Amino acid sequence: MIEPAWSLTVGAMAADHVSVHWDCHHCKRHGRVDPAKIAEAKGEEFSLWDQLRICPECDGIITYSAAFRDGNWPIQLLTPKGKQMLLGALDVMWWERRR
């Protein structure tokens, strides 16, 4: 089970005004996203847990983190399975860039 409950869906994060961040694991760019806009596009039940995206700047891997309030330490939205997916994706990228 994923905890904390406020992080389960973008709808819940929007309702609680959660601070959501994205981070690229290659170029180190980072920023904030609006969970309400994601809920509008993907539906309120969409979850950012274990979501990996491609960075538009460097083709690196983007993951998400969230803090219940600004100033709180954000939690990375990756389960153990998501962390394994991230490591696998980073490994593939590393080998492709060595060519």
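Reader: Is lysine 28 buried or exposed?
Author: The model is predicted, and the values here are computed from it. Lysine 28 lies in the loop between β1 and β2. Its relative accessibility is 56%, and the cut-off for exposed is over 50%, so lysine 28 counts as exposed.

Reader: What is the phi of lysine 28 in the hairpin of β1 and β2?
Author: β1 and β2 pair in the antiparallel sense over four bridges. The hairpin they form has five residues between the strands, and lysine 28 takes a positive phi there. Lysine 28 is not a glycine, yet its phi is about 70 degrees.

Reader: Which residue of β2 is the bridge partner of tryptophan 22?
Author: The strands β1 and β2 run antiparallel and share four bridges. Valine 20 has valine 33 in β2 as its bridge partner. For tryptophan 22, the bridge partner in β2 is glycine 31.

Reader: Which residue of β4 stands opposite histidine 21?
Author: β1 is also joined to β4, in the antiparallel sense, by six bridges. Within β4, the residue that stands opposite histidine 21 is serine 65.

Reader: Is isoleucine 62 buried or exposed, and what does it touch?
Author: Isoleucine 62 lies in strand β4. Leaving aside neighbours within four places in sequence, its contacts include Trp22, Asp23, Cys24, Leu52 and Ile54. Glutamine 51 is another of its contacts, eleven residues away in sequence and 8.3 Å away, C-alpha to C-alpha. At 7% relative accessibility, against a cut-off of under 20%, isoleucine 62 counts as buried.

Reader: Which elements give two or more residues to the largest nonpolar core?
Author: The largest nonpolar core has 18 residues, and those that touch the most other members are Val10, Met13, Leu48, Ala66 and Leu77. The elements that give two or more residues to this core are α1, β1, α2 and β4.

Reader: Which residues does methionine 13 touch, not counting those up to four places away in sequence?
Author: Methionine 13 is one of the core residues that touch the most other members. Beyond four places in sequence, its contacts are Trp6, Ser7, Val18, Val20, Pro35, Leu48, Ala66 and Leu77.

Reader: Why do the buried residues of α2 count as lying on the same side, and what covers them?
Author: The buried residues of α2 are Pro35, Ile38 and Ala39. They cover an arc of only 100 degrees around the axis, so they are on the same side of α2. The face turned away from that buried side carries the exposed residues Lys37, Glu40 and Ala41. What covers the buried residues includes α1, β1 and β2.

Reader: How many aromatic pairs does the structure hold, and which one is tilted?
Author: The structure holds two aromatic pairs. In the tilted one, the centres are 5.4 Å apart and the planes are 50 degrees apart. The members of this pair are tryptophan 6 and phenylalanine 68.

Reader: How many residues apart in sequence are the parts that this pair ties together?
Author: Tryptophan 6 lies in the segment before α1, and phenylalanine 68 lies in the loop between β4 and β5. Tryptophan 6 counts as buried at 17% relative accessibility, whereas phenylalanine 68 is partly exposed at 30%. The pair therefore ties together parts that are 62 residues apart in sequence.

Reader: What kind of pair do tryptophan 94 and tryptophan 95 form?
Author: Tryptophan 94 is partly exposed at 46% relative accessible area, and tryptophan 95 also counts as partly exposed at 46%. Their ring centres are 4.8 Å apart, with the planes at 85 degrees. The cut-off is over 60 degrees, so the pair is edge-to-face.

Reader: Which residue lies over the face of phenylalanine 68?
Author: Lysine 42 lies over the face of phenylalanine 46, at 5.4 Å from the ring centre. For phenylalanine 68, the residue over the face is at 4.2 Å from the ring centre, and that residue is arginine 69.

Definitions and conventions. Residues are numbered from 1 along each chain as its sequence is written. This is a predicted model: local features need pLDDT of at least 70, side-chain atom pairs count only at pLDDT 80 or more; totals for chains, interfaces and linings use all residues. Side-chain values use heavy atoms; hydrogens and water are left out. Rings of Phe, Tyr and Trp (its six-membered ring) pair if their centres lie within 6.5 Å; planes under 30 degrees apart count as stacked, over 60 as edge-to-face and the rest as tilted. Buried means under 20% relative accessible area, exposed over 50%, partly exposed in between (1.4 Å probe, protein chains only). A charge sits over a ring if NZ of Lys or CZ of Arg is within 6 Å of the ring centre and within 35 degrees of the ring normal. A nonpolar core is a set of buried Ala, Val, Leu, Ile, Met, Phe, Trp, Tyr and Cys residues joined through side-chain atoms within 4.5 Å. Contact means heavy atoms within 4.5 Å. Two strands pair if DSSP finds at least two bridges between them. The arc is that of the directions from the helix axis to the C-beta atoms.
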